[in-house]
Amino acid sequence: MWARVPHPGGVAKARPASIVLQRLERYLHDGQDEPVELLCSLWDDQKAALTYREIREAIVAGDFTEAMFDEFAQDYSIFIADRFASVWSQSLIAGAQAQPAIERLSSFHFETQSPGVAHWINERSAQFVTRCSDQQKEAIRALLANKVVESHTVDELARLIRPCVGLTAAQSAATVKYYDSVLSALKSEHPRMKAESARRKALTAASRYAEKAHRYRAITIAQTELATAYNQGADEGIRQAQEEGLLGPMKKVWRTSGDDGVCDMCSALDGAEIGMDDSFAFPGMLLFPEYKMLPPAHPCCGCAVEYIESSASRYA
């Protein structure tokens, strides 16, 4: 069943959303299940492949080996090539087809094998693998920090780390904190319960907590990646049509849902018109090249760009 991460939108509309935004929202609603399941399946496979012996050795050593971290990175590389690249390709096509300016072109066909599409997928793949690998390394190292290791037994921590594979450092820390709180409550409410029984119950609760965190993270990534590729597809589609002489100079316009839930940053961008090769002005560090040329502006951003004919071409 589809579940959406809270993001700008969700309360009564202040005005009707633009057609491009309506189409993006519908696409995110209908298209998230597949990438969410793919991501959760990847993390399940990574957890299953990691033995308790390897985890115990890492706890004693204070860190996983670089070879183990390399295996995680390789997992993400294979995942992208075998599974997730097709999700991006589908989103690129959908984004191009959703633009009214392209919809009117009966002779236009979006080329998925164009240099622009291939370059974008390659760049996005590298960014995705690097980001996820770094986050995985950061999360594991946070779990192996002295203050965490010193407050848990090796066996206890080994069984806590495994469910956290695939989570961020903050989510992993929250899982450990949840485990500690459940264990403390059990000891307080059931003083005669055996220590091992209390730990098992707390670990079961923590594992369920981690599963929910995995789902939440998968939804966040899925919505962000779908929206990113969708808006990129719109941009690539317009450029392909221009190369074929089917469209003249165009401008891009930032569109939000126009409701009270839109974040301040995106609300300030609503309706902003800039040139095709210009960047939108919003705060924050440059996460990757061309980051500010298109939505999303942040994780789970549901904004879209609409392409309109520029005044120069309108009166040429």
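Why does S18 count as buried? I shall begin with that residue and then turn to the chain as a whole. S18 counts as buried because its relative accessibility is 15%, where buried means under 20% relative accessible area, exposed over 50% and partly exposed in between, with a 1.4 Å probe and protein chains only. S18 sits in the segment before helix 1 (19–31); helices (H or I, at least four residues) and strands (E, at least two) are DSSP runs, numbered from the N terminus. Not counting residues up to four places away in sequence, S18 touches R255 and E306, a contact being heavy atoms within 4.5 Å.

A word on conventions. This is a predicted model, in which local features need pLDDT of at least 70, side-chain atom pairs count only at pLDDT 80 or more, and totals for chains, interfaces and linings use all residues. Residues are numbered from 1 along each chain as its sequence is written, and side-chain values use heavy atoms, with hydrogens and water left out.

On confidence, pLDDT is the predictor's confidence in each residue, from 0 to 100. The chain has a mean pLDDT of 90, and 90% of its residues reach 70 or more. Helix 9 (residues 169–189) has the highest confidence, at 97, and helix 12 (residues 311–314) the lowest, at a mean of 52. Over residues 1–15 pLDDT stays under 50, and there the model has 45 contacts beyond four places in sequence. Where pLDDT is low, the predicted coordinates should not be read in detail.

Next, the overall architecture. The chain comprises 12 helices and three strands, and its C-alpha atoms fill a box of roughly 85 × 45 × 35 Å along the principal axes. Of its 316 residues, 48% count as buried. Among contacts with a separation of 6 or more, 79% join residues 24 or more positions apart.

I come now to the interior. A nonpolar core is a set of buried Ala, Val, Leu, Ile, Met, Phe, Trp, Tyr and Cys residues joined through side-chain atoms within 4.5 Å. The largest has 62 residues, of which L39, F79, W88, F128, I238, W254 and Y307 touch the most other members. Helix 10 (residues 195–243) supplies the largest share of this core, 11 residues. A second, separate core of 31 residues includes L144, A158, V165 and L203.

Of these residues, A158 is also one of the buried residues of helix 8 (residues 154–164), together with E156, L157, L160, I161, P163 and C164. The buried residues of helix 8 pack against several helices, including helix 2, helix 9 and helix 10. Just after helix 8, G166 adopts a positive phi of about 100°.

In helix 2 we find V36, which counts as buried because its relative accessibility is 3%. Leaving aside neighbours within four places in sequence, V36 is in contact with R215, A218, I219 and A222.
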